[in-house]
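Subject: Structure handover

Hi,

Here is the structure I promised to pass on to you. Please have it open while you read, as my notes follow below.

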Amino acid sequence: MSFTQQEPTVRSRWWLYGLLTAALAAVMAPFIWMVLGSFKSNAELRQAPPTWWPEEASFNNYIELFSRLNFGQFFFNSTAVAVVVTAGNLIFCSMVGYALAMLDFRGKNVLFALIMGTLMIPGVVTFVPLFVLVANAGLVNTLPGLMLPFLVAPFGVFLMRQFMIGLPKDLLDAARVDGAGELRIFFRVFLPLCGPALATLGILTFLGSWNNFLWPLVVAQTEDTYTLPVALALYSTGQNATQYGLLLAGATTVVLPVLLVFMVFQRRFIQGIATTGMK
Amino acid sequence: MRSTRMMLALTAGTALVLTGCGRDDGGSGTDAAPETGEEISTEDVAGEIDVWAMGAEGEKLPDLAEQFEDAHDGVTVNVTAIPWDSAHDKFTTSITAGTTPDVAMVGTTWMGEFAGLDALDPAPGSIDSSAFFEGAQETAVVDGTAYGVPWYVETRLVYYRTDIAEEAGYTEVPTDWEGFRQMAADMQEKGGAEWGISLQPGGVGSWQTVLPLAWTNGAEIAGEDAYQFDTPEVAEAVEYYQSFFTDGIANPSPPEGQTEADFTSGDVPMFISGPWMRGIVEDMGGEGFAEQYDVAPIPVPEGGTSSSFVGGSNLAVFQQTDNRDTAWAFVEWLTEPETQVTWFEETANLPSVQSAWEDDALASDEKLTAFGTQLETAQAPPSFPTWEEVVTSFDTEMEKVAKAEADPQEALDAVQAQAESIGTGQ
Amino acid sequence: MASATTTPRRRSTDRRRGETGDPEQKGRGLRRGGKSHTVGRRREERAAWILALPFLVLFLTFTAWPVIQSTFMSLTDTQARDLRTPFAVDFVGLDNFSQALADPIFRQAAFNTAYFVLVGVPLTLTMALAAALALDKGIGKFRSFFRLGFYTPVVTSIVAVAVVWRFLLHPDAGLVNTVIGWVGVDGPNWLGSTTWAMPSLIAMASWRNFGTAMIIFLAGLQSVPWSLHEAAAIDGANAVQRFRHITLPLLKPTILFVSVTTAIGYLQFFEEPFVMTDGGPLNSTISASMYTFQQFSFGNYGYAAALSYLIFVVIVIVTAIQFRVLRERD
């Protein structure tokens, strides 16, 4: 009973498009306001009620931000950390996720319970012990200090396990009959089927790492290890008054790479099972 | 190397769990420290120091530090700028892990906490504490010992719309409590304003509005080693504060972040805030707005004394520094009157050193002079390590007073009970 | 490997069982076969641990270890100043926990959090699933455009979000009150009212978070074969029936995942009140996590750790209930 999955042909439903468009407008409004706001002056941003279109649009906020920041360095740091962390999560979490979903081994339930348990512990409670650990290991003010603690996450394991549990188990048996080694089965047979799940995990992990603020702030001791969000917060938040223009320009800058990553990963949504031709 | 250290860290931690624990009696807290730290030697000023400073200060300090480097051969000052956002968390975690810098800019209300963590180095006696505004200097003193110096200061004044005040029949702001409230009411009735004044109705930071009123009424918030929130002086001030809400002069639930906009539009023609607001309202009000408003001192009750809140930032040297002489020499240099004037010109931060205010750059600005005058009597909250925690309960109770018509004395009794159960932390 | 030589027909029922992911049944199936299976089993076991090894090393060091330390802290009177000499603290047993349970602000915060979770989680999941279904099979064009658009709240800076939402909810000039004013309703001061502040934050949180849940649902929906829908449609099943009998069962592991992680996130909600209301008015929006965070920044580590573990216990219970209700076995 094997067949080729076809992209569904859908009648266009005008009412659904209408509904989705209305929803889209409501959903995107703050985002659009953020982008438009980054072209406004501080005075205009403090007006009540706020304006939608900039009265006098200008790039001043961006010019000020980039002339004051060593942008290249921060961008590099953020990218390096986010890419390594995302790669680590994609590889290591899918490995464990597969073991938990498909293989049978002693201690499996304990391991899964342990992972689920730590997923549920509020992060704030482990922050200080984690920092002391990283400081004692001499990793303060280094990029590895920013990456290592986030290289794997219980969230990723749970996500991959839940996805793989829905994959056909007979693929495993069939591959074993063909004499493939266990690791080979994972990398060659199952991993390619996980496109949508890996894309989702990639987007979420990249976003989380890219926006992480408190950890890089605390671990970085000099500006060479600052990441973008830390650097962007430097001049926008003050002791008493917030520079809204700089803040919105910074927020817009920091979000663009995330959208790019989203667009790259989301192509993989339509792959996975659908393209393997077997089911 | 790294992996060995990591292993060590892990074993040390395991020991922690296995050996159990117990508090060393008398070992906790700050032991009585001397009033001043050891003297520094000016001959040993050399080598590198790491300095942390927040936001714009961190950005502009390197230029200023260059002058210090020029004057001292062989000195390198490495400045790291830190965002204000979460700066406090960065400091406390760094203190915990022993990764502090040599010198840092420290918020005035953090001094008690950091000194309580045994993180700060007592200031040497060579720094003349009488050169600073008294209220500002007190923020650096914890349990009798100065752990730093004021770097720059700010204080709060009443901002009011002169044009609307005139319509209501006022050419200047009455300096007494009753007259002041009447003026706010008149601006609302005769001046066409929606509300007479914008006062923060409790909530985070509202103590900065309420406590100055208590201070003008002669209140002492803290004794030697205890909080005193339930005195009649404080209660009267809170009653006065509450009357603005119950009389309908101030809005008990104003929309967030609209104070400046309401001020320039004339909807709410008075508020109490610091010097940074000048730039903001003049920016928003457009050309000529500077002539439409003025600043006035915090009103004082009959028989009371002038006061306000003093804020700003201090400079402190961390105990873990391995270049103490250079660190303090740099701090001393930053508080010389000439350096302070240069710093004012660079950043608009108000000098903490009184004599710097005689310079033309400051003395020629009338509104600025008003801030300078208020600074002479402005006060700071007690530098107990638990201040931030205690004041949170104060802020919560003030919200009940402003919004839910809670009885001021009962509210203060609740604050006092909380304060006593928390303790001073010293 | 005799058990693998099945007819295609048999295989398809096997697949069904695989989907439901019952480890016990799989194990039994493997154990049944005799000697060659113990070798296979050992190989399988070794492979599983090899696959788990890199994760385990990092996980034990950077996650489990700090967790153990913080658990220890919750049983002591540790304060910030003790962290450099972590041995010199007193064991207080469960004092921190009993103090927390008697703390009126924490009780209020716990109530607020429960309210937030009970309304917020179903709302977010419904919004996300509706959006995912519409984007997966409902429309043919502009899918990726809508997908990106619906995800933007997740990436928008919380500060911008706060400004716009405050404007929307403004008592006089706000869009919400203007719109309901058209039908003659006098809208409340949303964020300034003890009754309406929490519903406002719930709406905001659902709006901010449904994008994440949506893309996870979209990934899950990829494993629902279109041909099953077509076959069912030929048999005369309508859209609702197909959703209930085809999509929903196959989507169960994903629904479990989304509902567990959303509940965990919401039980720790923090940002919305932090930027919008500071927990007010009159503590009506203070959350358990926000209160815990406050205690941490005051340096009361022992107490704050105890609060965190109380939240943890609640999360465990809620998660266990979800695993029960949405259990993977049919």
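Let me begin with the contact between chains C and A. On the chain C side 93 residues take part, and they meet 91 residues of chain A; two residues are in contact if their C-beta atoms, placed from the backbone, lie within 7 Å. Helix α3 (residues 35-74) of chain C contributes the most to the side of chain C that touches chain A, namely 21 residues. Helices here are DSSP runs of H or I with at least four residues, strands are runs of E with at least two, and both are numbered from the N terminus. Sorted by class, that side of chain C holds 55 nonpolar, 27 polar and eleven charged residues. For the classes, Ala, Val, Leu, Ile, Met, Phe, Trp, Tyr, Cys and Pro are nonpolar, Asp, Glu, Lys and Arg are charged, and the others, Gly among them, are polar.

Before going further, a word on conventions. This is a predicted model, in which local features need pLDDT of at least 70 and side-chain atom pairs count only at pLDDT 80 or more, while totals for chains, interfaces and linings use all residues. Residues are numbered from 1 along each chain as its sequence is written, and chains are lettered from A and ligands numbered from 1 in the order in which they are written.

Chain A also meets chain B, with 29 residues from chain B and 31 residues from chain A in the contact. On the side of chain B that touches chain A, the elements giving two or more residues are α1 (2-18), α2 (55-71), β2, α3 (87-97), α10 (259-265) and α11 (276-285) of chain B.

Now chain A itself. It has 15 helices and zero strands, and its C-alpha atoms fill a box of roughly 70 × 60 × 30 Å along the principal axes. Of the 279 residues of chain A, 52% count as buried; a residue is buried if 20 or more other C-beta atoms lie within 10 Å of its own, exposed if 12 or fewer, and partly exposed in between, with C-beta atoms placed from the backbone. Among contacts in chain A between residues at least 6 apart in sequence, 78% join residues at least 24 apart.

One helix pair in chain A may interest you. Helix α5 (residues 108-119) of chain A packs against helix α8 (residues 154-164) of chain A at an angle of about 125 degrees, and their axes are 8 Å apart. Axes are lines fitted to C-alpha atoms, for helices over the stretch in contact, and angles run from 0 to 180 degrees between N-to-C directions. The contact is made by A:I115, A:M116, A:T118 and A:L119 of α5(A) with A:P154, A:F155, A:V157 and A:F158 of α8(A). By class, the residues of this contact are seven nonpolar, one polar and no charged.

Chain B has an open sheet of six strands, in the order β2-β1-β3-β10-β6-β11, with mixed pairing. Two strands pair if DSSP finds at least two bridges between them. β2 (75-82) and β11 (350-351) of chain B are at the edges with a single partner strand each, so one side of each has no neighbour in the sheet. Helix α12 (residues 324-334) of chain B packs on this sheet, touching β1 (47-54), β2, β3 (103-107), β6 and β10 (310-317) of chain B, and its direction makes about 150 degrees with that of β10(B). Nine of the eleven residues of α12(B) are buried, including B:W328 and B:F330.

In the sheet, β1(B) and β3(B) pair in the parallel sense over two bridges, with B:W52 opposite B:A104 in β3(B). β3(B) runs antiparallel to β10(B), joined by five bridges, and B:M105 stands opposite B:L315 in β10(B). Strand β6 (residues 149-155) of chain B is joined to β11(B) by two bridges and runs antiparallel to it; there, B:Y152 has B:P351 as its bridge partner.

Finally, B:S86 is a residue other than glycine with a positive phi, near 65 degrees. B:S86 sits in the loop between β2 and α3 of chain B.

Best wishes
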